[in-house]
Amino acid sequence: MTPRIFMATIGIGILQGLSNYFYSYGVAKLPVSTNGLLISTQLAFIAFFAFIIVKLKLTSYSINSVFLLTIGAVVLALHSGGDRPEGETNKEYILGFIMTLASAALTGLIFPLVELIYKKAQQAITYTFVLEFQTVYCFVATVFSTIGMVINNDFQAISGEAKAFELGEGRYYVVIICIAIVLQFYFLGTIGVIYSASSLVSGILATFLLPVNEVLAVFLYSEKFSAEKGISLALSLWGFASYFYGDYKENKKRKNDQSPETKTIDKTNYTP
């Protein structure tokens, strides 16, 4: 990793730390399913920033996919008042809503920036480079969050939070450790897909977790699955299907376009 890329990675790590803060605040103030559906708007932000930053070519299918996913989140936003947790003020709920969207917007900016670093690296992008990138990127985000926790005296509150944890104090720390481990797989996966394909594909695959998130929230946390959430989920699934169908057609068209050229080359080189 060159010094130039190292400094750029630090900048992206700071953005990730800020996004983590916004996301954590949103999780604390919103139901899991509502939070997940709002996070799905990151795909629209990824498409927008990728178009501007890395000049991503948008097809009618990818535009339709982003549109459907965004509309799905809007449907949820217009009819989400009944989901407010008990004892939470209107101001807190709205702030959680806004900060979750801010997290989605920052994620939408980070993915294309990572793709831009790959394109401008002027060096071989190897597995070692990807791991170096992830190490610096996640370390900086962790330092950013740690500084905030020190300033806010959050470390002193951890023991009290662990004791109040419904599943037990020991399981509280197990959950935190598992989250940290799983997130490392998530970050490595998203960074790897950006290298292998594009920031938009990485965003689509990350957003694909939405249906799983919705179902688990209903079964594990007994959250209400309202008609609006059902419509939003259906639009999201439609958006996923639209993108992958468009990708399938593009690949098929590319193969058909190459087929006549292959035949011509074979005839040219043919020796009786």
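## Where α3 meets α5

In helix α3, Gln 42, Phe 45, Ile 46, Phe 49, Ala 50 and Ile 53 touch Leu 101, Ala 104, Ala 105, Thr 107, Gly 108, Leu 109, Phe 111, Pro 112, Leu 113 and Leu 116 of α5. Contact here means heavy atoms within 4.5 Å, and helices are DSSP runs (H or I, at least four residues) numbered from the N terminus. By class, the residues of this contact are 13 nonpolar, 3 polar and no charged. Ala, Val, Leu, Ile, Met, Phe, Trp, Tyr, Cys and Pro count as nonpolar, Asp, Glu, Lys and Arg as charged, and the others, Gly among them, as polar.

Please keep in mind that this is a predicted model, in which local features need pLDDT of at least 70 and side-chain atom pairs count only at pLDDT 80 or more, while totals for chains, interfaces and linings use all residues. Residues are numbered from 1 along each chain as its sequence is written, and side-chain values use heavy atoms, with hydrogens and water left out.

As for geometry, α3 packs against α5 (residues 90-120) at about 35 degrees, and their axes are 8 Å apart. Axes are lines fitted to C-alpha atoms, for helices over the stretch in contact, and angles run from 0 to 180 degrees between N-to-C directions. The crossing of α3 and α5 is right-handed, a term for a near helix turned clockwise from the far one by less than a right angle.

## α9 joins in

Helix α9 (residues 199-207) comes within 9 Å of α3 (residues 42-53), axis to axis, and the two cross at roughly 180 degrees. The pair is therefore roughly antiparallel, the word for angles over 145 degrees. On the α3 side you will find Gln 42, Leu 43, Ile 46, Ala 47 and Ala 50, facing Ser 199, Leu 200, Gly 203, Ile 204, Ala 206 and Thr 207 of α9. These residues divide into 7 nonpolar, 4 polar and no charged.

How do α5 and α9 pack, and at what angle? Their axes are 9 Å apart, at an angle of about 140 degrees, which means that α5 is oblique to α9. Oblique covers the angles left over once those under 35 degrees (roughly parallel), over 145 (roughly antiparallel) and 65 to 115 (roughly perpendicular) are set aside. This crossing, too, is right-handed. Phe 111, Pro 112 and Glu 115 of α5 make the contact with Ser 199, Ser 202 and Gly 203 of α9, giving 2 nonpolar, 3 polar and 1 charged residues.

## A glutamine in α6

Is Gln 134 buried or exposed? This residue of α6 (residues 127-151) is buried, because its relative accessibility is 7%. Buried means under 20% relative accessible area, exposed over 50% and partly exposed in between (1.4 Å probe, protein chains only). Beyond its neighbours within four places in sequence, Gln 134 contacts Phe 139, Gln 184, Phe 187, Leu 188 and Ile 191.

## Two loop residues with positive phi

Lys 55 is not a glycine, yet its phi is positive, at about 55 degrees. It sits in the loop between α3 and α4 (60-78) and is exposed, with a relative accessible area of 65%.

Asn 153, also not a glycine, has a positive phi of about 55 degrees. Its place is the loop between α6 and α7 (155-163), and at 47% relative accessibility it is partly exposed.

## Cysteines

The structure holds 0 disulfides, a disulfide being a pair of cysteine sulfur atoms within 2.5 Å. Cys 138 is buried at 11% relative accessible area, whereas Cys 178 is partly exposed at 41%.
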